[in-house]
Every structure is written in structure tokens, then in C-alpha cells.
Amino acid sequence: MVENLEIFEVELTAPNLIVVPQGSTLQFQYSNVQIESNKVLRLLDAPEIKNVIIDLNQVEYLDSILIGAIIRLLQRAKQAGGQAVFCQACENMQNILSCIKVGTLWPLFDSREEAIAALSEKS
């Protein structure tokens, strides 16, 4: 199932929730970011969803508000006993993730397929 929201595109393919940010919050109202990120968080309540994959193929940059929303998703997956990873980050996004040390907590994969395979191996 694919759900196209304004800020996040979401795909549910159990046991994975794939989240694709669509841009920085400079393009969106802050309240919409909060509403949508809460909708996505609630998707993790489904018993068949364990893991989160953040696919960064649509963004060159994410600001702190969206990074905070994404980190909440990643932490929720971990708290629920699942795994969380990033994939398909451009060089600029890789630098941002490295600078904020997110890459030390959640691995980054070159492709979505590699991320799914890595999560399957750990399950």
C-alpha cells in the first residue's frame, strides 16, 4: 500500500514501513509537518510493521524539523523491537547525516533493495 501525503510518501510492505520525505520544511507549514509525522508514527502501531526504512532519494537537504520527525520514527521502531535504516542518500544528505552523527545509530544503504535485504537478514 502506498499513501501519498504532502510531506512523506509512505509504503507499507510488512514488516517494513518505507518513508520517503518529499522536501524540507521550508516548503511546508510547521503544523502540517507535525500532523503528518504523527500519522506516520501511528502506522508503526500496526502489529505487522516492525521496521522503518527512510528513503532519501527525493531530497538534497532536510532541516532540523524534518530530521527530528524522522528520528522519532527511527526511535519508535527500535522501541518496538524493530530495526531502522536509511537508504539512497545523495552526497549532500550523507554529509548531513554524518555531521549530526545519525549514521552511527542507523545504517545507510545505497539502495532500497540493499536496505530491505539487510533488514530481512536481521529479522
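User: Why is the pairing of Arg-76 with Asp-45 called a salt bridge?

Analyst: In this predicted model, the closest N and O atoms of Arg-76 and Asp-45 are 3.4 Å apart, and a salt bridge asks for a side-chain nitrogen of Lys or Arg within 4 Å of a carboxyl oxygen of Asp or Glu, so the pair meets the rule. The pair links distant parts of the chain, with Arg-76 in helix H2 and Asp-45 in the loop between H1 and E4, 31 residues apart.

User: What makes Arg-76 partly exposed and Asp-45 exposed?

Analyst: Exposed means over 50% relative accessible area, and partly exposed covers the range between that and the 20% under which a residue is buried. Arg-76 has a relative accessible area of 29%, so it counts as partly exposed, whereas Asp-45, with 54%, passes the cut-off and is therefore exposed.

User: How do you know that Glu-11, Asp-55 and Arg-112 belong to one network?

Analyst: The side chains of Glu-11 and Arg-112 meet in a salt bridge with an N to O distance of 2.9 Å, and Glu-11 lies in strand E2 while Arg-112 lies in helix H4 (residues 112-122), so this pair ties together parts that are 101 residues apart in sequence. Arg-112 also meets Asp-55 in a salt bridge, again given as 2.9 Å, N to O, and because Asp-55 lies in strand E4, that pair ties together parts that are 57 residues apart in sequence. Salt bridges that share partners join Glu-11, Asp-55 and Arg-112 into one network. Glu-11 and Arg-112 are buried, and so is Asp-55.

User: How many salt bridges are there by this rule?

Analyst: The count comes to three.

User: Which residues touch the most other members of the largest nonpolar core, and which element gives the most to this core?

Analyst: The largest nonpolar core has 31 residues, and Phe-8, Ile-54, Leu-56 and Phe-86 touch the most other members. Among the elements that give two or more residues to this core are strand E2 (8-13), strand E4 (51-55) and helix H2 (64-79), and H2 gives the most, with seven residues. Leaving aside its neighbours within four places in sequence, Ile-54 is in contact with residues including Val-19, Ile-70, Leu-73 and Phe-86. A second, separate core of nine residues includes Val-20, Ile-53, Cys-87 and Ala-115.

User: What makes the lining of the largest cavity nonpolar?

Analyst: The residues that line the largest cavity are Leu-56, Leu-62, Ile-67, Ile-70, Ile-71, Phe-86, Met-93, Leu-97 and Val-102. Leu, Ile, Phe, Met and Val count as nonpolar, so the lining divides into nine nonpolar, no polar and no charged residues. About 50 Å³ of space lies in this cavity, and the structure holds one cavity of 30 Å³ or more. H2 gives the most to the lining, with three residues.

User: What makes the bond from Ala-14 to Pro-15 and the phi of Gln-88 worth noting?

Analyst: Most residues other than glycine have a negative phi, and most peptide bonds are trans. The peptide bond from Ala-14 to Pro-15 is cis, with omega near 5°, and Pro-15 is placed in the loop between E2 and E3. Gln-88, although it is not a glycine, has a positive phi of about 55°, and it lies in the loop between E5 and H3. At 28% relative accessibility, Gln-88 counts as partly exposed.

Methods:
Residues are numbered from 1 along each chain as its sequence is written. This is a predicted model: local features need pLDDT of at least 70, side-chain atom pairs count only at pLDDT 80 or more; totals for chains, interfaces and linings use all residues. Side-chain values use heavy atoms; hydrogens and water are left out. A nonpolar core is a set of buried Ala, Val, Leu, Ile, Met, Phe, Trp, Tyr and Cys residues joined through side-chain atoms within 4.5 Å. Buried means under 20% relative accessible area, exposed over 50%, partly exposed in between (1.4 Å probe, protein chains only). Helices (H or I, at least four residues) and strands (E, at least two) are DSSP runs, numbered from the N terminus. Contact means heavy atoms within 4.5 Å. On a 1 Å grid over the protein atoms alone, a cavity is a set of points where a 1.4 Å probe fits but cannot get out, and a pocket is an open set with protein on both sides within 12 Å along at least five of seven lines; lining residues have an atom within 4 Å of a point. Grid points are joined across faces, edges and corners, and a volume is the space filled by probe spheres set on the points.
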